[in-house]
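Please open the model in your viewer and keep the selection panel at hand.

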Amino acid sequence: MDTTSNPISGRLLSLDFLRGFIMVLLAIESTGLYDYLNEHTQGQPFNHFITQFTHYPWHGLHFWDLVQPAFMFMAGVSMAYSLNKQWANGVTWGQSFKKTLKRCGWLFFWGVLDYAVRPKGLSFELWDVLTQLSFTTLVAFLIFRWSNLAQIGVCIGLLVLTEVLYRFTNIPGFNQPFTDQHNFGNYIDTILMNKINKGGWVAINCIPTAVHTIAGALVGKLLINGKDKLRTLLIAGLICLVLGYGLDGLGITPIIKRIATTSFTIVSLGWCLWFLALSYWWIDIKDHRKHWQFFTIVGMNSLFIYLFFEIVGSRWFTGYITFISDNVLGWFNAGGMLKAFVAAVCVFGLEWGMCYFLYRKKIFFKL
């Protein structure tokens, strides 16, 4: 991992905002606040809102299910800007390829490390978003110079492959394509890791979700050199939403985030396109930039803060700060709800402060 202190001018600030917005939501989630509120608001109207910050149990869609697709989509957009800059500065395709391989290797390493330390010992697991991204990034890079039509064809091919693998492999015990613990993705996990995820997540989600990163790269090229950018994003997003919800509504393929079904992949891509379109219009076109600096500061060091709260935060930092705040508030007989909020604010505030320090020093961590 290295650091760079290059000036930040010329960045697509809407991308930094979206990355920051997502990382802020993930950082708050790492404090346990969403789970606490969800548990303690059961039966109340507010619970309908807070459940949007949890993954849908199986067939369905919550807002929280769009976080990983957006993360991978934005990685593709960022790739387009990075490669455009590299090649404009005389970097060869081979040099970019080596750099991408190195980046993918680090993503895979950190993704495995994130899940490696368990109470019962070390574990090898491939369900982390970074391990998924290591695959999707490489695929998106290898076809980056292909025509837009050819890349869209690859996306369609990946989705068709997903349908075929789940529907027609017919492996005994794993021949129910859209049933938790009994689908093809679960079978592959028994081969790769000799285990099945109790939550239903599967490693081969990287196949359909490569569509998110490829689409992100296409959008990045559109924003750099394309015409009718906003209109194209809105129309493409609408097509994806209609198609994805249509596949689900007609009973063809259900929307299931945990195994990244084709309908889920297409629907989530549609929402990603609309999220970026709104952000691009408001921040880069309308030039409303100053008010969103709170998020862009985090977005410009998204990898650092993600690894921090996933590895350091979940194993030490969050618990330590929460222990202190809970005990201090205990002196004043504070209730559980207040303790949860104060702990979350303290943990997140310190994490944001680290990002702000790096921002002021113009230090941006990259792979």
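**Conventions**

This is a predicted model, in which local features need pLDDT of at least 70 and side-chain atom pairs count only at pLDDT 80 or more, while totals for chains, interfaces and linings use all residues. Residues are numbered from 1 along each chain as its sequence is written, and side-chain values use heavy atoms, with hydrogens and water left out.

**Salt bridges**

Begin with the charged side chains. How many salt bridges are there? The count comes to 3, a salt bridge being a side-chain nitrogen of Lys or Arg within 4 Å of a carboxyl oxygen of Asp or Glu.

Select arginine 19 and aspartate 16. Their side chains form a salt bridge with an N to O distance of 2.8 Å. The two residues belong to helix α1, where a spacing of 3 residues puts about one helical turn between them. Helices (H or I, at least four residues) and strands (E, at least two) are DSSP runs, numbered from the N terminus. Aspartate 16 is buried at 1% relative accessible area, and arginine 19 is also buried, at 16%. Here buried means under 20% relative accessible area, exposed means over 50%, and partly exposed lies in between (1.4 Å probe, protein chains only).

Next, select glutamate 125 and lysine 195, whose side chains meet in a salt bridge at 3.6 Å, N to O. This pair links distant parts of the chain, 70 residues apart: glutamate 125 sits in the loop between β3 (121–122) and α6 (129–142), and lysine 195 in the loop between α8 (184–192) and α9 (206–225). Glutamate 125 is buried, with a relative accessible area of 7%, whereas lysine 195 is partly exposed at 26%.

Then move to helix α7 (residues 148–168), which holds both glutamate 163 and arginine 167, 4 residues apart, or about one turn of the helix. The closest N and O atoms of their salt bridge are 2.4 Å apart. Glutamate 163 is buried at 17%, and arginine 167 is partly exposed at 27%.

**Aromatic rings**

Now display the aromatic side chains. The whole structure contains 36 aromatic pairs; rings of Phe, Tyr and Trp (its six-membered ring) pair if their centres lie within 6.5 Å, with planes under 30 degrees apart counted as stacked, over 60 as edge-to-face and the rest as tilted.

One of these pairs is tyrosine 34 with phenylalanine 53, which is tilted, at 5.0 Å centre to centre and 35° between the planes. Tyrosine 34 lies in helix α2 and phenylalanine 53 in the loop between α3 (46–50) and α4 (67–88), so the pair ties together parts that are 19 residues apart in sequence. Tyrosine 34 is buried at 7%, as is phenylalanine 53 at 14%.

For an edge-to-face pair, select tryptophan 271 and tryptophan 274: the ring centres are 5.9 Å apart and the planes stand at 90°. These two residues are 3 apart in helix α11 (residues 262–285), a separation of about one helical turn. Tryptophan 271 is partly exposed at 25%, and tryptophan 274 is partly exposed at 29%.

Finally, select Phe17, Phe21, Trp292, Phe294, Phe295, Phe348, Trp352, Tyr356 and Tyr359, which together form one aromatic cluster.

**Two threonines**

Select threonine 296 in helix α12 (residues 293–299). Threonine 296 is buried, at 10% relative accessible area. A polar atom of its side chain lies 3.1 Å from the backbone oxygen of glutamine 293. Beyond neighbours within four places in sequence, threonine 296 is in contact (heavy atoms within 4.5 Å) with Leu13, Asp16 and Phe17.

Threonine 31 is found in the loop between α1 (13–30) and α2 (33–40). Its relative accessible area of 17% makes threonine 31 buried. The threonine 31 side chain reaches the backbone oxygen of isoleucine 28 at 2.5 Å. Not counting residues up to four places away in sequence, threonine 31 touches Thr318, Ala344 and Val347.

For the last stop, select phenylalanine 323 in helix α13 (residues 302–330). Is phenylalanine 323 buried or exposed? Phenylalanine 323 counts as exposed because its relative accessibility is 56%.

Definitions and conventions. A polar contact is a pair of N or O atoms within 3.5 Å; within protein, one must be able to donate a hydrogen and the other to accept it, and residues adjacent in sequence count only if both atoms are side-chain atoms.
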